[in-house]
Every structure is written in structure tokens, then in C-alpha cells.
Amino acid sequence: MAQKATVPFTGTKEQEGELLKVIAELKDTKGALMPIMQKAQDIYGYLPIEVQKIISDNTGIPLEKIYGVATFYAQFALQPKGKFRISVCLGTACYVKGSGKIYEKLQEVLNLKEGECTPDGKFSLESCRCVGACGLAPVMMINDDVHGRLLPDDVEKILAQYN
């Protein structure tokens, strides 16, 4: 069985200082948790457990509550996004044309599951429901680049274009 891909936390002292400043400004405000978490995600790009712990330790809000909010709202990411963010359309037009097989091939080649990032931080993988390019089905996007009329055999050649 393949081991789950994880990216080590690489937060800096500067980022932590910026977060602590935000917490100090907002922590006594009613309903401050969401704005603090949003700013934390802006600072770090995601909300790893290390960042959630900083928020908990400096606001007195239990870590369990912070984690609950982070996992409930889709706006929060617990995993970092890769330098190259891959999104495979699994909407109806793409799916009937084989996007599920494209997605499976990407999972296999990159050893990733939905929402994960490669350990080197290069690629992250997610699915979406429509990118508005149904005439090019099946479609995947890598950052802002649209790749259409795909076959599973195209995946490795396309990934090789991204360094």
C-alpha cells in the first residue's frame, strides 16, 4: 500500500510573527476565529496543525474547535497547494468522455489522493465539476493552462512540461 504523501511544515518566524500580530489585533473581538483563520491561511497558504496550534495557544480557543471549523468550511485547506495545481474536471461532459480515467492516472503517477500535494511541493491534485470547456472534454487544468481531449497516456507527457 502506498504511503500518504505529506509535505513538511515550513513556516517561518516572519510568518509566525505576522500571525501573532493578527491574533493580538482580533482575539478580543466577538466572532474573531473565522477572520483569524482566514488571515492565517493568507499568510501560510493553508492551515496545517502547527498553525492551528498557534491560533489555539494564543486565543484560548480549543484546538478541537479550530480543527472543526477548518474541516467544515471548504474555504480552508489543511494541505498545501503545489506549485502546479492540477484540477481534473469530473463534470458530466468530461466524465462521460473519460476524465475519471485521467484522474486515476494522475493519482497513480503522482501517488496522490484528492487534495494532496507531492512531498516536494511541486504538484497538488483536486477534482472539480466544470471548467466551462465542455467542447474539449475531457479536460484538466494545471494552474491556468487548459489541457483538453485527453487520454490517460497523455498524462506523463503533460506533467513533464512543468518544472
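The following exercises with worked solutions go from the overall fold to single residues.

The model is predicted, so local features need pLDDT of at least 70 and side-chain atom pairs count only at pLDDT 80 or more, while totals for chains, interfaces and linings use all residues. Residues are numbered from 1 along each chain as its sequence is written, and side-chain values use heavy atoms, with hydrogens and water left out.

**Exercise 1. Describe the overall make-up of the protein.**

Step 1. The protein has 7 helices and 4 strands. Helices (H or I, at least four residues) and strands (E, at least two) are DSSP runs, numbered from the N terminus.

Step 2. Along the sequence, these elements follow the pattern α-α-α-α-β-α-α-β-β-β-α.

Step 3. Taken along the principal axes, the C-alpha atoms fill a box of roughly 55 × 30 × 30 Å.

Step 4. Of the 163 residues, 39% are buried; buried means under 20% relative accessible area, exposed over 50%, and partly exposed in between (1.4 Å probe, protein chains only).

**Exercise 2. Determine the order and the pairing of the strands in the sheet.**

Step 1. The 4 strands form an open sheet with mixed pairing, in the order β2-β1-β3-β4. Two strands pair if DSSP finds at least two bridges between them.

Step 2. β2 and β4 (145-147) are the edge strands, each pairing on one side only.

Step 3. The parallel pair is formed by β1 and β2, over 6 bridges; within it, isoleucine 86 has leucine 125 of β2 as its bridge partner.

Step 4. β1 pairs with β3 in the antiparallel sense over 3 bridges, and here serine 87 stands opposite methionine 141 in β3.

Step 5. β3 (residues 140-142) and β4 run antiparallel and are joined by 3 bridges. Isoleucine 142 has aspartate 145 as its bridge partner in β4.

Step 6. Strand β1 (residues 84-89) is mostly covered, with 5 of its 6 residues buried.

**Exercise 3. Classify the packing of helices α1 and α3.**

Step 1. Helix α1 (residues 13-26) packs against helix α3 (residues 49-59) at an angle of about 40 degrees, and their axes are 10 Å apart. Axes are lines fitted to C-alpha atoms, for helices over the stretch in contact, and angles run from 0 to 180 degrees between N-to-C directions.

Step 2. The angle therefore makes α1 oblique to α3: angles under 35 degrees count as roughly parallel, over 145 as roughly antiparallel, 65 to 115 as roughly perpendicular and the rest as oblique.

Step 3. On the side of α1, the contact (heavy atoms within 4.5 Å) is made by Glu16, Leu19, Leu20 and Ile23. On the side of α3, Val51, Ile54, Ile55, Asn58 and Thr59 take part.

**Exercise 4. Is serine 127 buried, partly exposed or exposed, and what does serine 127 touch?**

Step 1. Serine 127 is placed in strand β2.

Step 2. Serine 127 counts as partly exposed because its relative accessibility is 23%.

Step 3. Leaving aside residues up to four places away in sequence, serine 127 touches Ser87, Val88, Leu90, Tyr103 and Glu114. The C-alpha atoms of serine 127 and valine 88 are separated by 4.7 Å, although these residues are 39 residues apart along the chain.
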